[in-house]
Structure formats: C-alpha cells, structure tokens
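Biologist: I am new to this structure, and I would like to learn how to read its strands and its pocket.

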Amino acid sequence: MAVSGVSSTDNSAANALAGAASSSSDQEQRFLKLLVTQLNNQDPLNPMDNAQLTSQLAQMSTVSGIENLNSTLTSLVAQTGASQTLQAASLIGHTVLTPGSSVTAKSGTNTSFGLDMQGAADTVKVTITDSAGNTVRTIDVGALPQGTKTLTWDGKNDTGSAMPDGAYKISVAASVNGGAVAANTLTYSQVASVAQTANGVTLNLGAAGTAALSDVKQFL
C-alpha cells in the first residue's frame, strides 16, 4: 500500500529515536532503515521532494548532536563532582559553620554559633533551651543586616547562673517593622570525612550529622 504522506512516518521515526536506549550508531541504522522503507513505499504520483528528504536528514543530525552533547555534559558533571570531592577533602579536620540548632555548653568557655539572615531585621532574638525544652537564656541581638552573623553564648542563664555542661538548642526570631524575617541558626562542627553522593559532596560532621558542601557558610 502506498504511503500518502510523510508526517506519520516522521512521527514514527522520531518516537523510535526518542525512546531508544541504544547507541548513536544503532539509532542511525534504525533511522536509515525507516527512511529507505519510506522511500520504497512512497506514492509515485506524489514522491518525496528534496526539501522533505533534507528535513529528515537534519532531524537525524539534530538527534545525534543532542546525544553527543548529553554525553559531553555527563562527562563534565562527573569531572566537576570529582574535583569538588578533592577540594572538600581539604576541610577534613577543620571546623565549619553549617545549618543546625544544637550547641554544646562547656564550663568556662563561650559557645559560638551563627545566624543566617535572609533579610535585614530591626529586631532579632535568640532563644536557648535545655534538653527538656525549658528556656534558659534569651539573647536580644538587636538589629542585623542580611547575611551571616557569628554570636557567642557565655553558658549562663537569664539570671546569670552557669548552666550545666551538655547539649542545648538554639532558635531565632527576627522581624522588621513588625513583619517576620526569615532567619536560620548555624552551628560549628568539625569535618570528620567527605563523600561523593548522588546529591553531591557530603560532609560527615560526626555527632552533628552530615551537611552538603554547598551549606558551608564559613570554615576555620
């Protein structure tokens, strides 16, 4: 039976090429077979003109070009991941500032932490609670600009008494002209190791868990 047009065959070729998981060479062979079949079965009274043939060849060239581009990008991504892992390895043993809410108080020392301000605020308050959820200290920081700010806690409660050594939680509330401003707490942890995962380079922070390399705000 003669083929009355080329659009249906074009769609079949495009679908076959798009769904194929084979190599570029296999795709080209499949395309050529489809093209030859189309030429053999075309309507003698309405044969394919040069423009139609050129259009189909251009489609195949485009598909091949996209596959080659994808292969190149995949290779570049792999190289970038390896490079980031090597760079992150230099952080092992260093202290980094990453998103977190747990701090450890030690007698006679100040506990450092940070705030990641998503916008400027005229009022910023930090609340420190113990393991039972009781508020032990409220720090009125005042106004802060957008960006990262490092703060310290002297380990004392609101009455000036030293708190026992141990883990505490920090939280922040910020506002400007009465409207809430997004802000996150940051904590310091030491990098124990690094690993390349499906989500990118991950830092192992020991008891503090893990963090993505992109989450590091500061390192010492």
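Modeller: Let us begin with terms: two strands pair if DSSP finds at least two bridges between them, and a strand is a DSSP run of E of at least two residues, numbered from the N terminus. This is a predicted model, in which local features need pLDDT of at least 70, side-chain atom pairs count only at pLDDT 80 or more, and totals for chains, interfaces and linings use all residues. Residues are numbered from 1 along each chain as its sequence is written, and side-chain values use heavy atoms, with hydrogens and water left out.

Biologist: Over how many bridges do β11 and β12 pair?

Modeller: Strands of a sheet pair through backbone hydrogen bonds, either parallel or antiparallel. Here β11 (residues 200–204) pairs with β12 in the antiparallel sense over 3 bridges, and N204 stands opposite T210 in β12.

Biologist: In what order do the 3 strands of that open sheet lie?

Modeller: The order is β10-β11-β12, with antiparallel pairing, and the edge strands, β10 (193–197) and β12, each pair on one side only. An open sheet of 5 strands, also antiparallel, runs β6-β3-β9-β1-β13. Within it, β1 and β9 pair over 5 bridges, where T95 has Q190 in β9 as its bridge partner.

Biologist: Which residues lie nearest the centre of the largest pocket?

Modeller: A pocket is an open set of points on a 1 Å grid over the protein atoms alone where a 1.4 Å probe fits, with protein on both sides within 12 Å along at least five of seven lines, and lining residues have an atom within 4 Å of a point. The largest pocket is lined by 20 residues, and S102, V103, T104, Y188 and S189 lie nearest its centre.

Note on methods
Helices (H or I, at least four residues) and strands (E, at least two) are DSSP runs, numbered from the N terminus.
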